[in-house]
Amino acid sequence: MRNAAMVLGLIAGLMGIFVGLFGFGYAELSEARPEVNELFSLENPALIRFASFMAPLLAIAGGAMAKARALWGGGLMLLGAVLFYTGFGFNVGTMFPIGFAALGGILALAAGKPDEPKAHF
């Protein structure tokens with residue numbers, strides 16, 4: 001389960017980088033050009049900038065930690081999924097990063113009895 005959580009977290013983070021680049025770029029463009037913001041208005045561009053950077057970072061860090069520290073890694077991946085949803089909502093661009101990060105977080109938390117003799121609980 002830890003290996004699956006690790007792979008899912010890394011894939012979610014890598015996919016989320018593209019979502020984050022687009023979101024951060026659009027937030028910057030909407031501030032630089034107010035006429036762009038009239039098309040698709042952003043309610044909270046600061047939240048979108050924060051989620052654009054932190055959500056992929058948390059998913060990748062959680063996936064990387066899932067093998068050694070499943071509890072911490074699972075928590076980071078779930079927090080990354082929540083940030084993706086809060087910043088961007090659930091749509092065609094975010095469904096896979098949210099789903100992969102959430103599933104990876106659940107699998108990491110469910111690995112209460114790891115392959116090693118020491119559990120994380």
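A: A nonpolar core is a set of buried Ala, Val, Leu, Ile, Met, Phe, Trp, Tyr and Cys residues joined through side-chain atoms within 4.5 Å. Buried, in turn, means under 20% relative accessible area. Please note that this is a predicted model.

Q: How many residues does the largest nonpolar core have, and which of them have the most contacts inside it?

A: The largest nonpolar core has 13 residues. Those with the most contacts inside it are Leu42, Ile48, Leu83, Phe84 and Phe88. At least two residues of this core are supplied by each of α1, α3 (45-65) and α4.

Q: Which helix gives the most to this core?

A: That is α3, with four residues. Another core lies apart from it; this one has six residues, including Ala70, Met77, Ala108 and Ala111.

Q: What is Phe88 in contact with, leaving aside neighbours within four places in sequence?

A: With those neighbours set aside, Phe88 contacts Val19, Gly20, Gly23, Ile48, Ala51, Ser52 and Thr94.

Q: Let us take up Thr94, then. Where is its place?

A: Thr94 sits in the loop between α4 (70-88) and α5 (95-110).

Q: Is Thr94 buried or exposed?

A: Thr94 is buried, because its relative accessibility is 2% and the cut-off for buried is under 20%.

Q: Which backbone atoms does the side chain of Thr94 reach?

A: One is the backbone oxygen of Gly89, at 2.7 Å. Another is the backbone nitrogen of Asn91, which the Thr94 side chain reaches at 3.0 Å. If residues up to four places away in sequence are not counted, Thr94 touches Val19, Phe88 and Gly89.

Q: On to charges. How many salt bridges does the structure hold?

A: There are two salt bridges. In one of them, the side chains of Arg49 and Glu28 meet at 2.7 Å, N to O. Arg49 belongs to helix α3 and Glu28 to helix α1, so this pair ties together parts that are 21 residues apart in sequence.

Q: Why can such side chains pair at all?

A: Side chains of opposite charge can pair when their charged atoms come close.

Q: Which residue forms the other salt bridge with Arg49?

A: Arg49 forms a salt bridge with Glu31, and the closest N and O atoms are 3.0 Å apart. This pair also links distant parts of the chain, with Arg49 in helix α3 and Glu31 in helix α1, 18 residues apart. Through shared partners, the salt bridges join Glu28, Glu31 and Arg49 into one network.

Q: How accessible are Arg49 and Glu28?

A: Arg49 is buried, with a relative accessible area of 17%. Glu28 counts as partly exposed, at 34% relative accessibility.

Q: Finally, the surface. Which residues make the nonpolar patch?

A: The patch is made by Val7, Ile11, Met15, Tyr85, Phe90, Val92, Met95 and Phe96, and its area is about 770 Å². Two or more of its residues come from α1 (2-32), and likewise from α5. The largest share, three residues, is that of α1.

Q: Where is Met15 found, and what is its relative accessible area?

A: Met15 is in helix α1. Its relative accessible area is 30%, so Met15 is partly exposed.

Note on methods. Residues are numbered from 1 along each chain as its sequence is written. This is a predicted model: local features need pLDDT of at least 70, side-chain atom pairs count only at pLDDT 80 or more; totals for chains, interfaces and linings use all residues. Side-chain values use heavy atoms; hydrogens and water are left out. Buried means under 20% relative accessible area, exposed over 50%, partly exposed in between (1.4 Å probe, protein chains only). A polar contact is a pair of N or O atoms within 3.5 Å; within protein, one must be able to donate a hydrogen and the other to accept it, and residues adjacent in sequence count only if both atoms are side-chain atoms. Contact means heavy atoms within 4.5 Å. Patches are made of residues with over 30% relative accessible area and no salt bridge: like charges are joined within 9 Å, nonpolar side chains (Val, Leu, Ile, Met, Phe, Trp, Tyr) within 5 Å. Accessible areas come from the Shrake-Rupley method with a 1.4 Å probe; for residues, only the protein chains shown count as cover. A salt bridge is a side-chain nitrogen of Lys or Arg within 4 Å of a carboxyl oxygen of Asp or Glu.
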